[in-house]
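Here is a short report for a reader meeting this structure for the first time. It takes one part at a time.

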Amino acid sequence: MGDGVAFASMGDRIALDGAVALPQQNGRSTTLSLSGCEKPVPVIGMGTMSYPPVDIETTKAAILEAMRAGYRHFDTAFAYGSEKPLGEAIAEALRVGLIQSRDELFITTKLWSSFADPAQVVPACRMSLQNLQLEYVDMYLIHQPVRLTEMISRTPVAAEIIRPLDVKGVWEGMEECKNLGLTKGIGVSNFSCKKMEELLSIAKIPPALNQVEMNPVWQQKQLREFCKARGVHITAYSPLGANNTKWGDNRIVESDVLADIAKAKGKTTAQVALRWAYEQGVSIVTKSFNKQRMRENLQIFDWALSTNDLEKINQLLQRKGVTLASILGPHDLFLELDAEV
């Protein structure tokens, strides 16, 4: 069902893109074992970036609510400003017994472009760990394939601080983070096939995953096939189109095609979009601070899309939503990177 992915009943093991998904347990999300990562990743994670930004207490409260709902995978980044509230939420969850051990959680954070210099990678990872109050993260990603020579407080950025990424030097720093035990796995975000090829040609430790925009209106078929052939897992961000952000839109939440499928199945449009992503063999990072939607987003494992449903979704008009140029400015390097598949 879709990209050669074999599905079975929830009582069986499910083969997904070279990984193994385990059935739901205690109402919590299915997990995937990834190549080069020491811990399985829950299929559905909670994103912690807010636009516009919210205060630390609001983010912390939402994360705790997500833990109560069953989330165990949390995605953050230095650039999001959510490492500290996530760290505080984890400490609180341990204190009140919401979780019994930090090992129950899968935590992802990212190397921001202002630190994407070989000499700064390990210190940046240590800084994120301090923010998170953790001894290690489960996945550390290069946030995007570009270097900024200064810290930024607003966008667009000035052209003079933009540099191409030193892929070899920065990846060696990422490998050092893993060798030091600061992270269980390393990977990238927003890398095209071209950038992945460059990275794989020099990596001593191959990237475990590539976190990219992926949803029914930006399906990433070529990149998924490329990564699958090389044993690199895909994590989908903006699986619902990042509506109500300056880079997202309502093409998914207001899609008539998805709404019709949802109505026929007694599901929400969001659940159909998330189920579609799951059936492509990827893990998913979805962001909602709404209690009901948090729980609805986990309820995608005990039903399936039909072949006819998938054919309709495959025919949706495709357009990339998240671009470097739209967020950081229409500079030549960003336009070049955005044009890569």
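## A tour of the predicted model

Gln220 is found in the loop between β12 (209-213) and α6 (221-229). The model is predicted. Gln220 has a phi near 60°, a positive value in a residue other than glycine. Gln220 is buried, because its relative accessible area of 16% is under 20%.

Asn190 also deserves a look. Its place is in the loop between β11 and α5. The phi of Asn190 is near 65°, again positive in a residue other than glycine. At a relative accessible area of 27%, Asn190 is partly exposed.

The bond from Thr155 to Pro156 is cis, with omega near 0°. Pro156 sits in the loop between β9 (146-148) and β10 (162-164). Why mention such details? Most residues other than glycine have a negative phi, and most peptide bonds are trans.

## The barrel

Now the strands. Eight of them form a closed barrel, in the order β5-β6-β7-β8-β11-β12-β13-β14. The pairing is parallel. Neighbouring strands of this sheet are turned against each other by 25° on average, direction ignored.

Strand β8 (residues 139-142) and strand β11 (residues 186-189) run parallel and are joined by three bridges. Ile142 stands opposite Val188 in β11.

## Around Arg102

Where is Arg102? It is placed in the loop between α2 (83-96) and β7 (106-111). Is Arg102 buried or exposed? Its relative accessibility is 12%, so Arg102 counts as buried.

A polar atom of the Arg102 side chain lies 3.0 Å from the backbone oxygen of Tyr136. Tyr136 is also among the contacts of Arg102, leaving aside neighbours within four places in sequence.

## Salt bridges

How many salt bridges does the structure hold? There are 16 salt bridges. The table shows some of them.

| Pair | N to O distance |
|---|---|
| Lys178 and Glu38 | 3.7 Å |
| Glu198 and Lys195 | 3.9 Å |
| Lys265 and Asp309 | 3.2 Å |

Start with the salt bridge of Lys178 and Glu38. Lys178 lies in helix α4 (residues 167-179), while Glu38 is in the loop between β3 (31-32) and β4 (41-42). The pair therefore ties together parts that are 140 residues apart in sequence. Glu38 is exposed, with a relative accessible area of 55%.

Next comes the salt bridge of Glu198 and Lys195. Both residues lie in helix α5 (residues 193-202). They are three residues apart, about one turn of the helix. Glu198 is partly exposed, at a relative accessible area of 36%. Lys195 is buried, at 12%.

Then there is the salt bridge of Lys265 with Asp309. This pair links distant parts of the chain, 44 residues apart. Lys265 is in helix α7 (residues 256-265), and Asp309 is in helix α10 (residues 307-314). Lys265 is partly exposed, with a relative accessible area of 30%. Asp309 is buried, with a relative accessible area of 9%.

Some salt bridges share partners. In this way Lys194, Lys195, Glu198 and Glu340 are joined into one network.

## Helices that pack

Two packed helices are described by the angle between their axes and the distance between the axes.

At what angle do α2 and helix α3 (residues 121-132) pack? The angle is about 45°, and the axes are 7 Å apart. α2 and α3 are therefore oblique to each other. On the α2 side, Glu83, Lys84, Leu86 and Gly87 make the contact. On the α3 side, Ser128, Asn131 and Leu132 take part.

Helix α8 (residues 269-279) packs with α10. Their angle is about 100°, and their axes are 12 Å apart. That makes α8 roughly perpendicular to α10, because angles of 65 to 115 degrees count as such. Val272, Trp276 and Glu279 in α8 meet Leu310, Ile313 and Asn314 in α10. Helix α10 also holds Asp309, the salt-bridge partner of Lys265.

Notes
Residues numbered from 1 in each chain as written. Predicted model: local features only at pLDDT ≥ 70, side-chain atom pairs only at ≥ 80, totals over all residues. Heavy atoms only, no water. Helix = DSSP H or I, 4+ residues; strand = E, 2+ residues; numbered from the N terminus. Buried < 20%, exposed > 50% of the residue type's maximum accessible area, 1.4 Å probe, protein only. Polar contact = N/O pair within 3.5 Å; in protein donor to acceptor, adjacent residues only side chain to side chain. Contact = heavy atoms within 4.5 Å. Pairing = 2+ DSSP bridges. Axes fitted to C-alpha atoms, helices over the stretch in contact; angles between N-to-C directions. Salt bridge = Lys/Arg side-chain N within 4 Å of Asp/Glu carboxyl O. Parallel < 35°, antiparallel > 145°, perpendicular 65-115°, else oblique.
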